[in-house]
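Dear colleague,

Please find below the structure I promised to hand over. My notes on what was found in it follow directly after.

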Amino acid sequence: GQQVMQIPQYQHVQEGEDFTTYCNSSTTLSNIQWYKQRPGGHPVFLIQLVKSGEVKKQKRLTFQFGEAKKNSSLHITATQTTDVGTYFCAETTTDSWGKLQFGAGTQVVVTP
Amino acid sequence: DTGVSQNPRHKITKRGQNVTFRCDPISEHNRLYWYRQTLGQGPEFLTYFQNEAQLEKSRLLSDRFSAERPKGSFSTLEIQRTEQGDSAMYLCASRGALSYEQYFGPGTRLTVT
């Protein structure tokens, strides 16, 4: 089963507002990757986090890895309609296998 | 366009029939993954190839499922004696040796009636 839990499951956001989605685990995570899947589309890679406390930014998106490496978050500022989709976090291992174990995702709907 | 292609894009089959899906990864990628995604869930790992070697299979992959990557390029996923519970989107992803980013294909949506 899925080892990372994502909350919330659904997020309705007014255009221009900020929101945060969370990815939690009861065990220490190796690495975390975030993917975005547009409606009817396939997952697209956004970022990988490796280090404890790591923070990475991509324009309006801020990704954070918790100090204990048991949680991660994605914060989007000034939401736009192009942000619509489902955001998944996935644990991946440091070995060469690199398989992904996805959470159930946060489905984001943006209201103009 | 991520460069990973999958065929067919849609497959409707009757329960008990066999189906085969094909994945063509990005040409220089030696790592290939199969995932299955059902509505409202994240993709679930099925199996992993490094070149032609199948190095890991999930417990989700019952005996009815088999995957191959005979020449280390394209891969096929076959499901024998399909069941309604096999209805899902089957996603293929590939990754290069020096990167950690997985590139997903558009998927094959299987409907078992």
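**Contact between the two chains**

Across the interface of chain A and chain B there are 6 residue pairs in polar contact, with both residues of each pair at pLDDT 80 or more. Please bear in mind throughout that this is a predicted model.

Strand S4 (31-37), strand S5 (44-49) and strand S10 (100-102) of chain A each contribute at least two residues to the side of chain A that touches chain B. The largest share of that side, 3 residues, is supplied by S4(A). By residue type, the side of chain A that touches chain B consists of 8 nonpolar, 8 polar and 1 charged.

The rule also finds 1 salt bridge across the interface of chain A and chain B. In a salt bridge, the side chain of A:Lys99 meets that of B:Glu56, at 2.5 Å from N to O.

As to the extent of the interface, its size is often expressed as the accessible area that is lost when the parts come together. Here, the area buried between chain A and chain B comes to about 1,800 Å², and carbon and sulfur atoms give 52% of it. On the side of chain A, the residues that lose the most area to chain B are A:His42, A:Trp97 and A:Lys99, which together make up 32% of what that side buries. Counted by residues, the contact takes 17 from chain A and 22 from chain B.

**The sheets**

Strands of a sheet pair through backbone hydrogen bonds, in either a parallel or an antiparallel manner. In chain A, 5 strands form an open sheet in the order S1-S3-S8-S7-S6, and the pairing is antiparallel. Strand S1 (5-7) and strand S6 (55-58) of chain A are at the edges; each has a single partner strand, so one side of each is left without a neighbour in the sheet. On average, neighbouring strands of this sheet are turned by 15° against each other, direction ignored. S1(A) pairs with strand S3 (residues 19-24) of chain A over 3 bridges, in the antiparallel sense. Within this pairing, A:Met5 has A:Asn24 in S3(A) as its bridge partner.

Chain B has an open sheet of 4 strands, ordered S1-S3-S8-S7, with antiparallel pairing. Its edge strands are strand S1 (5-7) and strand S7 (65-68) of chain B, each of which pairs on one side only. From one strand to the next, the twist averages 15°. Strand S3 (residues 19-24) and strand S8 (residues 75-79) of chain B run antiparallel and are joined by 5 bridges. Here B:Phe21 stands opposite B:Leu77 in S8(B).

**Backbone features to check**

Most peptide bonds are trans, and most residues other than glycine have a negative phi. The following places depart from that pattern.

- The peptide bond from A:Ile7 to A:Pro8 is cis, with omega near -5°. A:Pro8 lies in the loop between S1 and strand S2 (10-14) of chain A.
- B:Asn7 and B:Pro8 are joined by a cis peptide bond, with omega about -10°. B:Pro8 is placed in the loop between S1 and strand S2 (10-13) of chain B.
- A:Ala78, although not a glycine, has a positive phi of about 50°. This residue is found in the loop between strand S8 (71-76) and strand S9 (85-92) of chain A.

With kind regards

Key: Residues numbered from 1 in each chain as written. Chains lettered and ligands numbered in written order. Predicted model: local features only at pLDDT ≥ 70, side-chain atom pairs only at ≥ 80, totals over all residues. Heavy atoms only, no water. Contact = heavy atoms within 4.5 Å. Buried area = accessible area lost by both parts, 1.4 Å probe. Salt bridge = Lys/Arg side-chain N within 4 Å of Asp/Glu carboxyl O. Polar contact = N/O pair within 3.5 Å; in protein donor to acceptor, adjacent residues only side chain to side chain. Nonpolar A, V, L, I, M, F, W, Y, C, P; charged D, E, K, R; others polar. Pairing = 2+ DSSP bridges. Axes fitted to C-alpha atoms, helices over the stretch in contact; angles between N-to-C directions.
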